[in-house]
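Please walk me through this structure in short steps.

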Amino acid sequence: MGFDLLGPVRFEYDGQVMVVRRRQERCGLCLLLLEAGRAVPVERLLELLWDGRAPASSRATVHTYIARLRRMIAPTGLRLETKGAAYLLDVDRRAVDVHRFSDGLDAATRIADPAERLPLLRDLLALWRGPLMADTADDALRERLGTELEARRLTALELHAQAQIEVGLHACDELLELVRRHPTRERLVWLAMLALYRSGRQAHALEIYRRTRTHLVEELGIEPSAELRGLHERMLRADPTLSAGEVATPRREYLPRDVPDFTGRAGELRWLDTVAGGRSPVAVVSAISGTGGMGKTALAVHWAHAAMRRFPDGQLYLDLRGHGAGAALGAGEAVRRLLRMLGLPAASIPDQDDEAAALYRARLSARRMLIVLDNAASARQVRPLLPGGPGNLVVVTSRDRLAGLVARDGAHRLDLDSLTDAEAEDLVAQIIGPHRTRAEPQAAAAVIRICGGLPLALRIAATNLAEQPGMTLRSWVDAVADDRLDRLAVDGDPDSAVRAVFALSLARLADPAAVLFRRLGLLPVTEVAPWLAADLTGGSETAAADLLGTLRDASLLSAPRTGARFVLHDLVQLFAREQADADDLAALQRSYRSLLGLALHADAELPSKHYPTPRPDDLADRAWPLSTAPAQWLADEWDLLVGVARDCVARGWPDLAWRMVAALTNFASNRSYIAEWTDAAEAALAAAPDGYGAACLLLGLGGMMRGRGEHTSTAAMLGRARRLFARHGDDLRAATAASQLSMVYRQQDRVRSAQVAIDWAIARLRDRPPTSQLGQAYVARGNLLTLRDDPQDLVSASFEQAAAVMRAVGDLAGEGHALTCLASSLRRTGDPGQALVAAERAAELFVAADDEPGQCAAALELGRLHLDTGDIDAAWTHVRRGLADARDSYHPRAVRNAVQLAGEIALHRDDLPTALALLAEATELSRALGQTRPLHRALLHLSRAHAAAGDVAAALRTGEEALAVARTIDPPTEQRALTWVRTLAPPG
């Protein structure tokens, strides 16, 4: 018995073909087979069989289909059962080619040997005789049912090609044909380039890269991935590793260093092997839970190193800080960090958590990766970090039992207990030498009892003993007993046991190392670089690096994981914090002021600054002391800097808190950082609700909310900021707040209020030395004049003034923004030639400034210009690029503008399904943003799309809603809408 759906549908039983002549019945059987063994609700059958337009008689029709299908399959012994309002076809998955393919692909991803993997993949691909349900499903149904399946087919093709290359078969022609069919599938391009290179066709490989890059840039407006660029660069320098026998797949290696003397845990390691080798249609999750210091991380990392070959695309590691000294890492920020590890630039990562999580799942869907999520706080924190694709494995460590992850997500949990006495003795013996444990077996047993089998405590105790070879084990035991024996008993609190052992390590440290140790405990992060340690001690970076090495040797820090950063275990940091005194707190405050100085220096180097950053009068200028470029330093140290701001709030240092937040405001306008910055800014504002600091925070918060189209409380924030700045005599920032406030009023159609605010701002800015803020004010005035339909010469003059100011201060992105607005105004008044010149120059400036939102805006303006001049193809090319950029940014107004324009162009191209979908989306976005003019435009074009599709009732309904909105705008807009509605209304 067999049911083949991959190609023309074919049903066989006992060597005979079973014929289902009616297409809808055949389609219904296919739908049940696709869900083999699972109940399919009647509502879903209706939705799929009639594409959402089921007639009133559809339920009865489905009942008839089911009755006929039951009669047809009766000889096979299969049962088609009714399960409430659903139907279930009880069929073995192996009888359906779709499931054989899917299950086989899952199995192939777990086979490390390419020679074994290759024939399986070849057989799986042979199951595909054509598109899914080729003679049964229409294109719309196939897209709904088969998109994921088609993606898995491409994954199988990639794995097949990879296995061929790994065994020395370079099927270049086959790969080139696949690249021709799927020019944006970069993994296929990567494999084709490597196959060509290894076949001696290096020039052809480089030509494939050039063509791919051109296609990506021209069609999608993006550069090739970091992996593809890296392969290209390695080919250019003739990297000898490219000729190796195995495929040098682009890997992401982020595992911490393995513990060299890892001991025991044989049963736990076997458990992890079993879980990783199990069959599952989704990523497998192993949750390792246990007390702090139990060795969860060491176990996960040790196993991950041993299992590397199972995951050819690499391993990711992320500390979720669930039980550390500071706040746990939010799920959204965790997703963004993982995306950055996967090679995505920060500017390409959505700031909305669900959008970032979706992108993360998509990026991993065709990969085989191991993800280690360390120190999780809860199942809720972990759940968004579970990847897509069956080839991935997630290992989570946590002190929490993660019951929700086990119940809802199918995680396998291992509750990690103390080391056995034998394992603990082996660990101590490895560190101090077996001759010492054999010489004092009873004392060695006492060491193990005191440490409670806790690996972290055992390791620190053994390190102390190793560094004092003359000390007997009994002396060490007696020293601990004299200190806090009652709290070090085997049945006592493990935290207390750890604390006692830490105290012995700390007591052996010389003063400089002990001082640094205490101060590290006060930091809001657990990773520390030598330059930060130097700030805490007031010494040189070299001396600080030596002190960090001392702490590492005492097992109070772990060895550097990334770059030159050392890591404190969270329990160690908590212990260190307990030891801090008033001098340490004073040193921390001095270090925070030093960090503020670095942040201000880095802010001053940013190419575009929307907000003037205040600098304390008593903060001396200092030369940039680090090798990292300032802007990159802000990105690298973002967690530290935001953590410092929050820590200042918690410690009652509100002045430092708001100043640090203000110093990060311009950098935070990058969408990947807005959420964390906003949290810190709101906390700092709550700590200092009045005064100059509050004004700076309100300006940043209001401006960022305005940029995202969130106007509910923005006007109140900016108005209050302006009043506070004016009260303190700060005209520059008061005018900046007024300029931002004018933009809010304009977006709310409060024209008179907007005019008053922008006139007030410009009057205070134009007599000062030129700044980006003056340029922004001129742009705001130009947009307001455009809204009021003022003469074009006044509008152009304002935008040209803005561009001149931005040019004078070197703000490339600001100049590009001014020219984009100028192009828009010229287009509206019928000067497409000059508008095109301005828009193309703006696009060049945005590229030079590496400003992706600006590039999106310029692409949309160029699209509208070409639409207005009748060049629909050129318009579509530009708007597709702009729409892709806008969706990547998830900036609501940018998405709305792009979707609206794309819908209008689709309507001009007579692509009515696309036009209807895009314009409906634009309508909902405009409604959500609460802006009447864009809502009116979206509704009017949606009505026209319905009319073009022949749905007069929908066109009239939407047109009447557009008319209702137009009546709230102005009489000319109302008249245009009324004229359109009258063309739809029936005569009389």
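Helix H7 passes helix H8 in a left-handed crossing. A crossing is left-handed if the near helix is turned anticlockwise from the far one by less than a right angle, and right-handed if clockwise. Helices (H or I, at least four residues) and strands (E, at least two) are DSSP runs, numbered from the N terminus.

This is a predicted model: local features need pLDDT of at least 70, side-chain atom pairs count only at pLDDT 80 or more, and totals for chains, interfaces and linings use all residues. Residues are numbered from 1 along each chain as its sequence is written, and side-chain values use heavy atoms, with hydrogens and water left out.

## The helix pair

Two packed helices are described by the angle between their axes and the distance between the axes. H7 covers residues 172-181 and H8 covers residues 186-198. Their axes come within 9 Å and cross at roughly 150°. That makes H7 roughly antiparallel to H8. Axes are lines fitted to C-alpha atoms, for helices over the stretch in contact, and angles run from 0 to 180 degrees between N-to-C directions. Angles under 35 degrees count as roughly parallel, over 145 as roughly antiparallel, 65 to 115 as roughly perpendicular and the rest as oblique.

Which residues of H7 and H8 make the contact? From H7 come Cys172, Leu175, Leu176, Leu178 and Val179. From H8 come Leu188, Val189, Leu191, Ala192, Ala195 and Leu196. Contact means heavy atoms within 4.5 Å. By class, this contact has 11 nonpolar, no polar and no charged residues. Here Ala, Val, Leu, Ile, Met, Phe, Trp, Tyr, Cys and Pro count as nonpolar, Asp, Glu, Lys and Arg as charged, and the others, Gly among them, as polar.

## A buried glutamine

Glutamine 164 lies in helix H6 (residues 139-166). Is glutamine 164 buried or exposed? Glutamine 164 is buried, with a relative accessible area of 10%. Buried means under 20% relative accessible area, exposed over 50%, partly exposed in between (1.4 Å probe, protein chains only). Leaving out residues up to four places away in sequence, glutamine 164 touches Leu118, Leu169, Ala171 and Glu174.

## The sheet E1-E2-E3

Three strands form an open sheet in the order E1-E2-E3, with antiparallel pairing. Strand E1 (2-4) and strand E3 (16-18) are the edge strands, and each pairs on one side only. From one strand to the next, the twist averages 25°. Two strands pair if DSSP finds at least two bridges between them.

E1 and E2 pair over three bridges. Phenylalanine 3 stands opposite phenylalanine 11 in E2. Three bridges also join strand E2 (residues 10-13) to E3. Phenylalanine 11 has methionine 18 as its bridge partner in E3. Tyrosine 13 stands opposite glutamine 16 in E3.

Now the turns. The hairpin of E1 and E2 has five residues between the strands, and glycine 7 in the turn has a positive phi of about 125°. The hairpin of E2 and E3 has two residues between the strands, and aspartate 14 takes a positive phi near 55°.

## The sheet E4-E6-E5

Another open sheet of three strands runs in the order E4-E6-E5, and its pairing is antiparallel. Strand E4 (40-41) and strand E5 (79-82) stand at the edges, each with a single partner strand, so one side of each is left without a neighbour in the sheet. E5 pairs with strand E6 (residues 86-90) over four bridges. Threonine 82 stands opposite tyrosine 87 in E6. Helix H1 (residues 23-34) packs on this sheet and touches E4, E5 and E6. The direction of H1 makes about 70° with that of E6.

## An enclosed strand

Seven of the seven residues of strand E10 (residues 370-376) are buried, so E10 is largely enclosed by the rest of the structure. Strand E9 (residues 314-319) pairs with E10 in the parallel sense over five bridges. Aspartate 319 stands opposite aspartate 374 in E10. E10 also pairs in the parallel sense with strand E11 (residues 393-398), over five bridges. Leucine 370 has leucine 393 as its bridge partner in E11.

Aspartate 789 has a positive phi although it is not a glycine. Aspartate 910 has a positive phi too, and it is not a glycine.
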